[in-house]
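Here are my notes on the model, as you asked. Have the structure open while you go through them.

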Amino acid sequence: MQGDITPDLESGQRIFHAYGDTFFQLGPDKIEASFYFHQGEVHTPWLKQDISTLTIADLKWLETHTPEVLVIGTGRRTAFPSHDVMDYLADLHVGFECMDSLSAARTFNILVGEGRDIAAAMLLPNVRG
């Protein structure tokens, strides 16, 4: 017996296809710097190389269209932004998950497959948080 576990994606929906210490492959785009993905567009470079430097100003792009969930890839290790940033996300009513970047890419794909309104903010996997 065989089964297809490929997510049923809407046309044009992008998911992560590959990653390494120095890149992500998001749909057709090979991205070699930190980035955020919002409303179908990749914005790079984004943020410094450490989640502790994340500020509210770095997330103002969320106000143009507030996603249901923001997946934050924090580099090699799971780390969390400041309480001010987490309060800002709560005030916007954005659910968010912080995790190492490789786990964040996999989680992003799962949520896209579920049809969720999702954005991603990613540091490269080789960043030591």
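**Notes on the fold and its details**

1. Let's start in the sheet: Ile-72 stands opposite Ala-121, which belongs to E8. Strand E8 covers residues 118–123 and pairs with E6 in the parallel sense, over 6 bridges. A quick word on labels: helices (H or I, at least four residues) and strands (E, at least two) are DSSP runs, numbered from the N terminus. Two strands pair if DSSP finds at least two bridges between them.

2. Before going further, keep in mind that this is a predicted model: local features need pLDDT of at least 70, side-chain atom pairs count only at pLDDT 80 or more, and totals for chains, interfaces and linings use all residues. Residues are numbered from 1 along each chain as its sequence is written, and side-chain values use heavy atoms, with hydrogens and water left out.

3. What is the strand order in the open sheet of 5 strands? Reading across, you get E5-E4-E8-E6-E7, with mixed pairing. E5 and strand E7 (95–99) are the edge strands, each pairing on one side only. From one strand to the next, the twist averages 15°. For background, strands of a sheet pair through backbone hydrogen bonds, either parallel or antiparallel.

4. Helix H2 (residues 101–113) packs on this sheet and touches E4, E6, E7 and E8; contact here means heavy atoms within 4.5 Å. The direction of H2 makes about 165° with that of E8. Axes are lines fitted to C-alpha atoms (for helices, over the stretch in contact), and angles run from 0 to 180 degrees between N-to-C directions.

5. Now the rings: the structure holds 7 aromatic pairs. One of them is Tyr-36 with Trp-61, stacked at 3.9 Å centre to centre and 5° between the planes. This pair links distant parts of the chain, with Tyr-36 in strand E4 (residues 35–38) and Trp-61, 25 residues apart from it, in the loop between strand E5 (41–43) and strand E6 (69–74). The rule is that rings of Phe, Tyr and Trp (its six-membered ring) pair if their centres lie within 6.5 Å; planes under 30 degrees apart count as stacked, over 60 as edge-to-face and the rest as tilted.

6. The cut-offs: buried is under 20% relative accessible area, exposed over 50%, partly exposed in between (1.4 Å probe, protein chains only).

7. There is also a cluster in which ring pairs link Phe-16, Phe-24, Phe-35, Phe-37 and Phe-108.

8. Gln-39, between E4 and E5, has a positive phi of about 50° although it is not a glycine; its relative accessible area is 52%, so it is exposed. His-93, between H1 and E7, has a positive phi of about 65° and counts as exposed at 70% relative accessibility.

9. Also check the peptide bond from Thr-44 to Pro-45, which is cis, with omega near -5°. Pro-45 lies in the loop between E5 and E6. Most residues other than glycine have a negative phi, and most peptide bonds are trans.

10. Finally, confidence: the protein chain averages a pLDDT (the predictor's confidence in each residue, from 0 to 100) of 88, and 88% of the residues score at least 70. Where pLDDT is low, the predicted coordinates should not be read in detail.
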